[in-house]
Amino acid sequence: MRSIKFLLQKEFLQIFRNKGMLPIIFLMPVIQLVVLSFAATYELREVDFHLVDFDHSTASRQLVNKFQATGYFNLQDHSQDVNEGISQMQMNEVRLVLVIPEGFERDLKSGQPVSVQMNIDAVDGSTAGLIQAYGRSIIQDFGSEISVRANQVSNATAPGIAIIPASWYNPNLDYIKYMVPGILVVLVSMIGMFLSGMNIVREREMGTIEQLNVTPLKRYQFIIGKLLPFWIIAMFELAIGLIIAHFGFEIPFVGSVLLLFGIAGIYLLVVQGLGLFISTITNTQQQAMFIAWFLMVVFILMGGLFTPIESMPGWAQQLTVANPIAHFIKIMRMVLLKGAGWAEVQNLVGLLFLMSVVILPAAILRYRKSTG
């Protein structure tokens, strides 16, 4: 223990003497958390659209007003020619051309089927999907309101099914509450993987790794001394991030924070083990940085942060079983937003523990081999 204590003192002195690294370790994650939490949103606002109204009725005007009143759409222009709207779409002036047919009000009030055409710029598939979903929802709501008014006038009691949606755990469908836990996982992962991997490579570049190898330090003492400082720093970053998330973004802590920190401790062993393994197969900090960055990009894009895992192809969903970031993002959201306990997350924690049991020994064995 005495050897580990001296090695930890040496590592912390080395970290805090590096004035260039301190802002990267302690300041940049906070800035990234604040900026990315506001920037990473799927919500659309003020989508410009072109209106082609062939009906010129009270109902068509009410529908257009409803489009604008939601805040999602902004009437940019109108005409009596669909091709003019398509031309504006080709010039990126509008993203939607809304076409209301002649006889719209008459057919709507008489209960006849009515078609409203939405021509959407689908170069960006996800944005087009949102425009379609928003537009369809507005039109369906408008159709329901017209039907209710018609029934009230005729005193008819038409049977039907009333749908009352209720969004649990995030009632207002606030994207910040959905994104902040995931972004926090990414930042903690970067601290754990990048710093632990590059630290050992830097020792090799400076030639000090050979000095450490000839000391009486045992291999496990060396590994603990190298991983523990960044494990502590990453846990500290997680605590700061959770405080900002709770008081800055009003993220609820429905579940146990202690449970979350316990799982985070296991998760950090996984990402630090990956960083240590990368350090054993590279000779320079540049090589370690590129490999770590490549892995991080794959893990983040397939981790369910920006794209739901359930919407990925089957083979991609199977690959996410080996993605630690995907599991910890899911755990963070479940514990913070749903109040999940050990019973709900034990299978995901078991996967993380299994990864740590495989990765850490593999990295340690590989380190012994590379240093002879």
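Predicted model: local features only at pLDDT ≥ 70, side-chain atom pairs only at ≥ 80, totals over all residues.
Residues are numbered from 1 along each chain as its sequence is written, and side-chain values use heavy atoms, leaving out hydrogens and water.

**Annotated segments.** Select residues 21-42, 178-201, 222-247, 253-278, 290-309 and 348-367, which an unreviewed UniProt entry annotates as "transmembrane region"; such annotations may be inferred rather than shown by experiment. Residues 178-201 are 100% helix and 0% strand, with end C-alpha atoms 36 Å apart. Residues 290-309 are 60% helix and 0% strand, and their end C-alpha atoms lie 26 Å apart.

**Helix pair.** Next select H7 (residues 175-206) and H10 (residues 257-280), helices being DSSP runs of H or I with at least four residues. Their axes, lines fitted to C-alpha atoms over the stretch in contact, come within 8 Å and cross at roughly 35 degrees. Display the contacts (heavy atoms within 4.5 Å): the residues that meet include Gly 192, Ser 196 and Arg 204 in H7, and Leu 268, Gly 275 and Thr 280 in H10. By class, this contact has 11 nonpolar, 8 polar and 1 charged residues, with Gly counted as polar and Arg as charged.

**A loop residue.** Finally, select Thr 320, in the loop between helix H12 (314-319) and helix H13 (324-338). Leaving aside residues up to four places away in sequence, Thr 320 touches Met 302, Ile 309, Met 312, Ala 326 and His 327.

Methods. Helix = DSSP H or I, 4+ residues; strand = E, 2+ residues; numbered from the N terminus. Axes fitted to C-alpha atoms, helices over the stretch in contact; angles between N-to-C directions.
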